[in-house]
Amino acid sequence: MTAAVLALGMSTMALAAEPAANTITVNGQGIVKVAPNVATIHATVEKTAKTAAQAQKAVNEELTDVIAAMKALGITDEDIVTSHISVYPSYRYDEKTDKQVLENYQAYTSVNVTTNDVDNAGKYVDAALNAGATGTNGVTFSLEKPETYYNQALTEAVKVAQSSATCLLYTSPSPRDAHE
């Protein structure tokens with residue numbers, strides 16, 4: 001399974017108009033590896049018809065079936081979001097008249113379906129396609145609460161930076177040693 005990785009590099013620097021004597025700069029990095037717990041399936045429906053209204057109606061009918069299939073798998077209305085709708089004309093070149101001629105209209109709708117069932121994301125893709133989706137734009141994996149893991153990485157980075165500072169403090173020559 002693809003793991004989501006949160007990494008944080010942290011630098012601590014003394015900020016002053018003039019560099020202060022005896023300044024130490026340390027860095028710390030904290031890495032937290034987390035398996036994703038959210039899958040978003042991007043399903044699309046595209047239809048062609050002689051009029052824009054017919055094309056959009058055909059998409060809507062097919063989309064109703066796709067949404068019903070998602071609900072049959074336990075997906076709630078809140079987890080199904082329409083992300084894109086478009087209707088546009090399609091032209092062809094007529095060699096006899098030397099002009100572009102309106103041929104038909106294409107309607108396109110894309111929906112995002114979100115689930116915590118990341119291990120079975122493929123079954124949602126299959127269900128959408130079997131219900132009439134004409135394609136998918138893949139599956140996106142993410143984290144439900146990334147700030148939790150960000151804070152863990154930040155805590156780890158601070159510990160590493162503090163440890164580096166402590167090592168430098170005890171291994172650096174003292175000003176008195178420099179004069180001897």
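In this predicted model, the axes of helices H1 and H2 come within 8 Å and cross at roughly 145°. The crossing of the two helices is right-handed. On the side of H1, the contact is made by Glu 62, Asp 65, Val 66, Ala 69 and Met 70, and H2 contributes Tyr 124, Ala 127, Ala 128 and Ala 131.

Helix H2 spans residues 121-131, and its buried residues are Ala 121, Tyr 124, Val 125, Ala 127, Ala 128 and Ala 131. These residues lie on the same side of H2, because they cover an arc of only 165° around the axis. An α-helix has 3.6 residues a turn, so residues three or four places apart point the same way. The cover over the buried residues of H2 includes helix H1 (52-72) together with strands S3 (38-49), S5 (99-115) and S6 (135-142). Just after H2, Gly 132 takes a positive phi of about 125°.

The largest nonpolar core of the model holds 21 residues. Those that touch the most other members are Val 45, Val 66, Met 70, Ile 75, Val 113, Ala 128 and Ala 133. Two or more residues of this core come from each of S3, H1, S5 and H2, and the largest share, six residues, is given by H1. Val 66 and Met 70 of H1 and Ala 128 of H2 also take part in the contact between the two helices.

Leaving aside its neighbours within four places in sequence, Val 45 is in contact with Val 59, Glu 62, Leu 63 and Val 66, with Ala 107, Tyr 108 and Thr 109, and with Gly 132, Ala 133 and Thr 134.

Thr 40 and His 42 belong to S3, whereas Asn 104 belongs to S5. The table lists their relative accessible areas.

| Residue | Relative accessible area |
|---|---|
| Thr 40 | 14% |
| His 42 | 16% |
| Asn 104 | 13% |

Each of these residues counts as buried because its relative accessible area is under 20%.

His 42 is in contact with Val 111 and Asn 112, and with Gly 135, Thr 136, Asn 137, Gly 138, Val 139 and Thr 140. Between the C-alpha atoms of His 42 and Asn 137, 95 residues apart along the chain, the separation is 5.1 Å. Asn 104 is in contact with Thr 48, Ala 49 and Lys 50, as well as Tyr 88, Pro 89 and Ser 90.

The protein as a whole has four helices and six strands. From the N terminus on, its elements run β-β-β-α-β-β-α-β-α-α. Of the 180 residues in the protein, 28% are buried. Among contacts between residues at least 6 apart in sequence, 74% join residues at least 24 apart.

Technical notes:
Residues are numbered from 1 along each chain as its sequence is written. This is a predicted model: local features need pLDDT of at least 70, side-chain atom pairs count only at pLDDT 80 or more; totals for chains, interfaces and linings use all residues. Side-chain values use heavy atoms; hydrogens and water are left out. Buried means under 20% relative accessible area, exposed over 50%, partly exposed in between (1.4 Å probe, protein chains only). The arc is that of the directions from the helix axis to the C-beta atoms. Contact means heavy atoms within 4.5 Å. Axes are lines fitted to C-alpha atoms, for helices over the stretch in contact, and angles run from 0 to 180 degrees between N-to-C directions. A crossing is left-handed if the near helix is turned anticlockwise from the far one by less than a right angle, and right-handed if clockwise. A nonpolar core is a set of buried Ala, Val, Leu, Ile, Met, Phe, Trp, Tyr and Cys residues joined through side-chain atoms within 4.5 Å.
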